[in-house]
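I opened my notebook to look up a few places in this structure.

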Amino acid sequence: MTAELGHFALIFAFMVAIVQMVVPQVGAYKGWNGWMQMAVPASIVQFLMTLLAFGALTYAFVVSDFSLNVVVANSHSAKPMLYKISGTWGNHEGSMLLWVLILTLFGAMVGVFGRGLPPSLKARVLSVQSTIAVAFFAFLLFTSNPFARLAFPPMDGQGLNPLLQDPGLAFHPPFLYLGYVGLSMSFSFAVAALIEGKVDAAWARWVRPWTLAAWIFLTIGIALGSWWAYYELGWGGWWFWDPVENASFMPWLIAAALLHSAIVVEKRESLKSWTILLAILAFSFSLIGTFIVRSGVITSVHAFANDPTRGVFILAIWGVTIGGSLTLFAARGGVMTSKGIFSVISRESGLVLNNVLLVVAALVVFVGTVWPLIAELAFGRKLSVGAPFFDTAFTPFMILIAIALPVGAMLPWKRAYIGKTVRPLYGALALSVALGLLIWVLQTGGRMMAPIGLALAAWLVMGALIDLATRVRVGKIPLGDSLRRLGNLPRADIGKATAHAGLGLTIFGIAAITAWETEDIRVAHIGDTFALQGAVTSYDIRFNNVENLQGPNYRTTKGDFTVLVDGKEVAHLRPEKRFYPVAGMPTTEAAIDIGVTRDVYVVIGDAQQNGGWAVRSYVKPFANWIWFGAIVMALGGLLSLTDRRYRVAAGAKRKAAPMAQATPAE
Amino acid sequence: MKTMRALVILTVFLAAPLWAVQPDEILPDAQQEARARVISKGLRCLVCRNENIDDSNAGLARDLRLLVRERIVAGDDDAEVLDFVVARYGEFVLLRPKTTGSNIALWAAGPVMLLLGIGMGIAFVRRRKGNIPASLSDKEKARLAQLLQD
């Protein structure tokens with residue numbers, strides 16, 4: 001019964017979306033106020049209906065309604081409640097439903113909080129947003145109906161992939177979707193502006209918070225996914241350049257470029273058509289991301305052939321959205337006249353450089369991701385493009401960005417004198433280079449990654465601090481006055497410095513773990529103590545015991561280890577090897593002693609034929625700085641989002657986050 | 001639905017616990033072992049999804065790891081080991097694509113796009129570089145004075 005209710009709600013939302021796509025657009029064109037106004041209630045109804053549908057599906061998962069096809073394929077009655085709920089979006093149909101739920105939520109938020117928007121722009125934005133919704137509702141209803149019933153319901157379900165039964169991964173997709181879909185808002189604003197033929201500072205003030213929020217969600221989502229891989233996959237890898245990861249990383253890079261170029265539009269009324277193009281690109285990459293994950297096109301050309309209806313639908317959505325908006329851009333992009341004039345050395349130029357580097361970096365990832373497909377279709381070569389390619393091709397861009405960033409961030413608008421800007425940074429430059437050299441000398445012929453990465457990280461962090469210090473004139477006026485000035489600085493400026501420092505922290509973590517990780521693989525017997533040599537400290541690991549236990553829906557082999565330094569116990573670790581009978585699949589649960597300067601990471605493997613167990617242990621220096629840096633970046637974004645000049649939109653945003661996460665619990 | 005199920009089965013099969021290098025595979029010579037690890041990180045586990053043989057626990061990955069070590073012990077240098085593996089499994093096995101033939105486009109894409117981007121950036125910046133007047137014109141000064149008086 002509830003499933004049918006959900007199904008009807010979804011169909012109703014689809015109908016409303018079609019009306020909302022057409023009527024406000026016509027109204028805006030003709031100047032009919034009533035027609036424009038209807039977009040607001042329509043957007044709210046659309047959201048509520050989708051929420052109802054999502055609630056019905058969640059309910060089906062919670063009560064394990066095995067008459068629904070999706071529930072059977074992705075759930076099991078013995079699964080813990082958290083994973084029954086997260087199972088709602090842990091599959092194709094449910095995740096698409098979550099996608100439109102967020103899409104309609106954002107539409108409704110513009111409807112409710114967008115009182116300050118010019119009526120015609122608002123009507124057009126909501127119409128464009130609804131156009132995207134129409135495509136996705138149709139995709140859901142015609143090819144991926146989550147409410148499809150089974151004629152003969154089985155006694156129990158097939159379970160959820162045990163790897164996905166993890167709190168980190170339960171919330172990874174919703175965050176990514178909040179990010180992907182947040183970019184749909186920037187896209188809708190861009191297309192609406194193209195139709196209106198007007199882009200000004202007020203427009204940018206509306207687009208920037210959406211982009212910023214989307215970027216924050218993507219940052220958190222990507223960090224969660226990477227952290228999950230680190231502790232769950234069993235050897236502490238945290239980034240694999242897998243197509244699925246690249247799919248979330250490309251929109252992140254483009255969104256980062258977009259939120260910088262939107263500043264130029266807002267403050268200097270320049271870079272307008274470029275910003276529009278970036279907004280279109282960012283959402284295009286989001287769509288590609290959504291579908292790469294969902295269709296597996298990039299992993300194999302044949303995924304399309306297996307399910308032609310879905311494949312054709314996806315191609316059509318891509319073609320219409322990307323092709324249509326780019327055509328519109330080609331026709332109308334020239335209308336945007338930029339006013340701002342600036343000299344070659346200026347903040348504007350710095351941001352242009354930022355955009356060039358970020359966008360080209362994203363395109364490099366894109367080319368690498370699709371190259372196997374192109375090579376096979378065009379040249380008949382079956383080949384792989386893996387991590388070694390991306391490491392080589394992508395890293396230089398990050399190095400260039402890190403070198404240029406502190407200088408660009410301090411350049412004044414309009415016209416700058418490079419000498420004057422760089423002067424306060426001399427100290428930081430000298431210190432960073434000295435630090436790099438010191439590391440290089442100390443590690444005697446190790447990987448170059450460490451000295452370069454550390455120097456760049458120090459340069460970024462010190463650069464961010466000096467940026468703030470210069471703004472509040474530390475040393476030039478009494479300290480108390482400086483502190484008062486710091487309190488009065490716009491939040492956006494503090495957010496900027498925070499996010500830039502966060503990038504430095506992440507680079508530090510990456511460089512340190514890549515260069516200095518140590519590893520030990522051996523067969524150990526119960527009672528053995530073996531040495532694990534870290535980059536600085538030497539650890540002793542004592543293997544105390546192994547037990548076999550029963551979990552809620554798995555069996556587990558649990559090892560018991562003590563980590564010692566100079567005979568003193570520093571940690572007690574219990575790595576597990578689990579077996580999930582429903583999926584017939586084992587997983588590893590690494591045991592990690594988390595620390596600021598290093599993680600000690602122990603994994604237990606198979607029992608050996610002649611006694612003993614395979615045991616791998618690692619010292620991973622500064623591993624957590626990778627994700628800590630990402631959190632700091634997201635925090636910087638959040639600070640910037642709460643800046644006074646975005647107050648209306650910022651308030652809307654803050655309400656949005658808990659709402660979107662609270663929905664599945666219904 | 002069939003696709004989804006196939007995908008799920010695929011992921012389940014391929015993403016199982018990553019058991020990588022086993023203790024019994026490790027070569028006694030630390031230097032040779034280190035070389036084997038580096039080579040392994042650049043070879044794809046053919047039945048896996050974007051995983052190198054060093055990280056993978058698939059049976060085939062283990063066979064390949066042993067093969068790489070065998071060749072190293074037999075005295076091959078790194079390039080010879082790679083050639084040996086490619087001759088048997090095709091270039092699909094290389095995670096770092098070759099720099100020959102059509103792949104030149106892949107490797108050149110980054111630098112070429114960067115140069116293009118910087119070129120376009122410079123062109124744009126130069127076009128925007130108007131004559132920024134250092135001080136106000138007489139007309140503007142008069143207007144300012146008038147505004148200040150009001």
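**Ground rules.** This is a predicted model, so I noted that local features need pLDDT of at least 70, side-chain atom pairs count only at pLDDT 80 or more, and totals for chains, interfaces and linings use all residues. Residues are numbered from 1 along each chain as its sequence is written, while chains are lettered from A and ligands numbered from 1 in the order in which they are written.

**Helix α2 of chain B.** I started with α2(B), residues 30-41. Helices here are DSSP runs of H or I with at least four residues, strands are runs of E with at least two, and both are numbered from the N terminus. I checked the length of α2(B): its 12 residues should span 16 Å at 1.5 Å a residue, and the end C-alpha atoms are 17 Å apart, which agrees. The expected span is 1.5 Å times one less than the number of residues.

Which residues of α2(B) are buried? I found Ala36(B), Ile39(B) and Ser40(B). Buried means 20 or more other C-beta atoms within 10 Å of the residue's own, exposed means 12 or fewer, and partly exposed is in between; C-beta atoms are placed from the backbone. Down the axis of α2(B), the buried residues fall within an arc of 100°, so they line one face. The arc is taken from the directions from the helix axis to the C-beta atoms. I also noted why such faces can form: an α-helix has 3.6 residues a turn, so residues three or four places apart point the same way. On the other side of α2(B), Ala30(B), Gln31(B), Ala34(B) and Val38(B) are exposed. The cover over the buried residues includes α3 (59-73) and α4 (78-89) of chain B.

**Helix α6 of chain B.** Next I looked at α6(B), residues 138-149. How many of its 12 residues are buried? The number is zero, so α6(B) lies largely in the open.

**The largest nonpolar core.** I counted 239 residues in it. Such a core is a set of buried Ala, Val, Leu, Ile, Met, Phe, Trp, Tyr and Cys residues joined through C-beta atoms within 7 Å. Among those that touch the most other members are Phe136(A) and Leu460(A). Helix α10 (residues 201-232) of chain A gives the largest share, 20 residues. Beyond four places in sequence, the contacts of Leu460(A) include Ala402(A), Pro406(A) and His500(A). Contact means C-beta atoms, placed from the backbone, within 7 Å.

**Two single residues.** Thr321(A) lies in α14 (residues 308-332) of chain A. Is Thr321(A) buried or exposed? It counts as buried because it has 20 C-beta neighbours inside 10 Å. Beyond four places in sequence, Thr321(A) touches Ser284(A) and Leu287(A).

Lys382(A) sits in the loop between α15 (347-379) and α16 (387-410) of chain A. With 12 C-beta neighbours inside 10 Å, Lys382(A) counts as exposed. Its contacts beyond four places in sequence are Glu376(A), Gly90(B) and Phe92(B).

**Strands of chain A.** I traced an open sheet of four strands, in the order β1-β10-β9-β8, with antiparallel pairing. Strands pair if DSSP finds at least two bridges between them. The edge strands, β1 (518-524) and β8 (591-593), each pair on one side only. Three bridges join β8(A) to β9(A). Elsewhere, β2(A) and β3(A) form a hairpin with four residues between them.

How values were computed. Two residues are in contact if their C-beta atoms, placed from the backbone, lie within 7 Å.
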